[in-house]
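Welcome, and thanks for opening the viewer. Let's walk through the model together, one selection at a time.

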Amino acid sequence: VLTETTRASNLPRAPEQEAVTFERAELSFKVDPARKWLDGDATLTFRADRPVEKLVVDLDRNYSIDLVEVDGTPIAASGWRNPEGRMTVDLPSPFASGARATLRIRYSGQPHVAVKAPWDGGFVWATAPTGEPWVATAVQGEGCDLLWPCIDHPLGEPQEVVQHITVPSPLVAAGNGIAEGMDEHTDGSGAGWRTYHWRVKQPNTDAIALNIGPYELLQGDYTSRY
């Protein structure tokens, strides 16, 4: 069950969210359709526009938090909390104006399911007409915190987002921005996986979404007017 904080989107930002510029998000997603499971690993870079003692991001509290780090230093469980879906992380020491902090959150779980997407938010676990898994996310209503730790507000958009989306082979993870390649690999059981890499500048937070299925590439050449 979603909390009211997570179900709502565009709530007033916390003072700590207003005090920073969200410079970069590097997001690794591993999606397992067989288990309806998401493993996420988010590295978020913030610049303090005024002194801050905490970092605050929005993330569905139903995920298990496996690791929290600030600038590579692990934060003990007593140093962070997420009772209602607005996660607060205590900084090891206050950050002065102009300083940068990198917050890493590794999390996992079965994401909230959208029953009538896109009218309600969450994951859609479906099957393509040819039998393969077909997975998508709908976050425009309830917000980016259903998928990744973000600032769920139009003024909290990151300046750059890099995504690494791992899916069972031979599925395809379509993304937005610039495609930066795909890697094939296997896990300990010998199962095949693919990781797709995407990069985009100044995206809307709702545009960071998963679209996974047996897609085929269509391409064409054009002459730019530039």
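How many disulfides does the structure hold? There is one disulfide, a term used here for a pair of cysteine sulfur atoms within 2.5 Å. Before you zoom in, please note that this is a predicted model, in which local features need pLDDT of at least 70, side-chain atom pairs count only at pLDDT 80 or more, and totals for chains, interfaces and linings use all residues. Residues are numbered from 1 along each chain as its sequence is written, and side-chain values use heavy atoms, with hydrogens and water left out.

**Stop one: the disulfide.** Select Cys144 and Cys150, whose sulfur atoms lie 2.0 Å apart. Turn the view along the S-S bond: the link of Cys144 and Cys150 is right-handed, with 90° about that bond. Cys144 is buried, at 0% relative accessibility, and Cys150 is buried at 0% as well; buried means under 20% relative accessible area, exposed over 50%, and partly exposed in between (1.4 Å probe, protein chains only).

**Stop two: the core.** Now show Leu44, Leu103, Tyr107 and Trp148, the residues with the most contacts inside the largest nonpolar core, which has 50 residues. Such a core is a set of buried Ala, Val, Leu, Ile, Met, Phe, Trp, Tyr and Cys residues joined through side-chain atoms within 4.5 Å. Strand β1 (residues 20-32) gives this core its largest share, six residues; strands here are DSSP runs (E, at least two residues), numbered from the N terminus.

**Stop three: Trp148 and the rings.** Which aromatic pairs are worth a look? The structure holds four, where rings of Phe, Tyr and Trp (its six-membered ring) pair if their centres lie within 6.5 Å, with planes under 30 degrees apart counted as stacked, over 60 as edge-to-face and the rest as tilted. Phe22 and Trp148 make a tilted pair, 6.3 Å centre to centre with 45° between the planes. Phe22 sits in strand β1 and Trp148 in the loop between β10 (133-138) and β11 (160-168), 126 residues apart.

**Last stop: charges over rings.** Select Lys30 and Trp193: the charged end of Lys30 sits over the Trp193 ring, 4.4 Å from its centre. Here NZ of Lys or CZ of Arg must be within 6 Å of the ring centre and within 35 degrees of the ring normal. Finish with Arg35, which lies over the face of Trp37 at 4.6 Å from the ring centre.

Definitions and conventions
Helices (H or I, at least four residues) and strands (E, at least two) are DSSP runs, numbered from the N terminus.
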